[in-house]
Amino acid sequence: MVRAYRKTITRQRQRYIPKWQRGFVLDIAKDVRSEADCDVVGACDDLSKILHERLKEAGIQSSVIHGYWVGPLRKNYAEDAADWYVESERYPPHTWVSIPRGDGTIVDVTADQFSSRIPAVWFPANKKFYRRCNVHYLT
């Protein structure tokens, strides 16, 4: 009985990113965001690819995910994103980075484009606000 319990605890611990690595990921994400010299509305694809590359350089496996934002939207979002967001679409398209170790933790450096209640760098992001379409494993 004790062995089965220990195996379960060990597996649960392996699913998550170690605490030291979480801080490292957050620092890299903040650097990527601070280097963005533009409004982040519509820049999620480019910034996510840059974040993926930086994480790869640091030896942290990640994936760029394309999908939809299903969380809250600020009132004037449709105006700001008029060049690429069609209001008739149910959810706006979005791109983010996932760290596949275990639970697929989400790192999002542009989530605040949708709502002022969301931090500029969201890690770990709440998965209920994301719907994935496809995964791009960039090398």
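Which residues does Ala 58 touch, not counting residues up to four places away in sequence? They are Phe 24 and Ile 28. Contact here means heavy atoms within 4.5 Å.

This is a predicted model, in which local features need pLDDT of at least 70, side-chain atom pairs count only at pLDDT 80 or more, and totals for chains, interfaces and linings use all residues. Residues are numbered from 1 along each chain as its sequence is written, and side-chain values use heavy atoms, with hydrogens and water left out.

Start with the overall layout. The chain has four helices and four strands. Both kinds of element are DSSP runs, numbered from the N terminus: helices are H or I with at least four residues, strands are E with at least two. Read from the N terminus, the order is α-α-α-β-α-β-β-β. The chain holds 139 residues, and 39% of them are buried. Buried means under 20% relative accessible area, exposed means over 50%, and partly exposed lies in between, with a 1.4 Å probe and protein chains only. Now take the contacts between residues at least 6 apart in sequence. Of these, 65% join residues at least 24 apart.

Turn to the helices. Helix H2 spans residues 19–35, and helix H3 spans residues 44–57. Two packed helices are described by the angle between their axes and the distance between the axes. For H2 and H3, the axes come within 10 Å and cross at roughly 140°. H2 is therefore oblique to H3. The axes are lines fitted to C-alpha atoms, for helices over the stretch in contact, and angles run from 0 to 180 degrees between N-to-C directions. Angles under 35 degrees count as roughly parallel, over 145 as roughly antiparallel, 65 to 115 as roughly perpendicular, and the rest as oblique. The crossing of H2 past H3 is right-handed. A crossing is right-handed if the near helix is turned clockwise from the far one by less than a right angle, and left-handed if anticlockwise.

Which residues meet between these two helices? H2 brings Val 25, Ile 28, Ala 29, Val 32 and Glu 35. H3 brings Leu 47, Ile 50, Leu 51, Arg 54 and Leu 55.

Look at Arg 54, which sits in H3. Leaving aside neighbours within four places in sequence, Arg 54 is in contact with Ile 28, Val 32 and Glu 35. Its relative accessibility is 28%, so Arg 54 counts as partly exposed. Arg 54 and Asp 31 are 23 residues apart in sequence, yet 9.7 Å apart in space, C-alpha to C-alpha.

Ala 58 belongs to the loop between H3 and S1. At 32% relative accessibility, Ala 58 is partly exposed. From Ala 58 to Ile 28 is 30 residues in sequence and 9.0 Å in space, C-alpha to C-alpha.

Now follow the strands. Strand S1 covers residues 63–69 and pairs with S2 in the antiparallel sense over six bridges. Two strands pair if DSSP finds at least two bridges between them. Val 64 has Val 97 in S2 as its bridge partner. Ile 65 stands opposite Trp 96 in S2. S1 is mostly covered, with six of its seven residues buried.

S2 spans residues 93–99, and six of its seven residues are buried, so S2 is largely enclosed by the rest of the structure. S2 is also joined to strand S3, residues 105–107, by three bridges, and these two strands run antiparallel. There, Ile 99 has Thr 105 in S3 as its bridge partner.

The side chain of His 94 makes a polar contact with the side chain of Asp 108 at 2.7 Å. A polar contact is a pair of N or O atoms within 3.5 Å; within protein, one must be able to donate a hydrogen and the other to accept it, and residues adjacent in sequence count only if both atoms are side-chain atoms. Not counting residues up to four places away in sequence, His 94 touches residues including Cys 44, Ile 65, Trp 69, Phe 114 and Tyr 130.

Two loops complete the tour. Tyr 91 is in the loop between helix H4 (77–80) and S2, and at 30% relative accessibility it counts as partly exposed. Pro 124 lies in the loop between S3 and strand S4 (130–136). A cis peptide bond joins Phe 123 and Pro 124, with omega about -10°.
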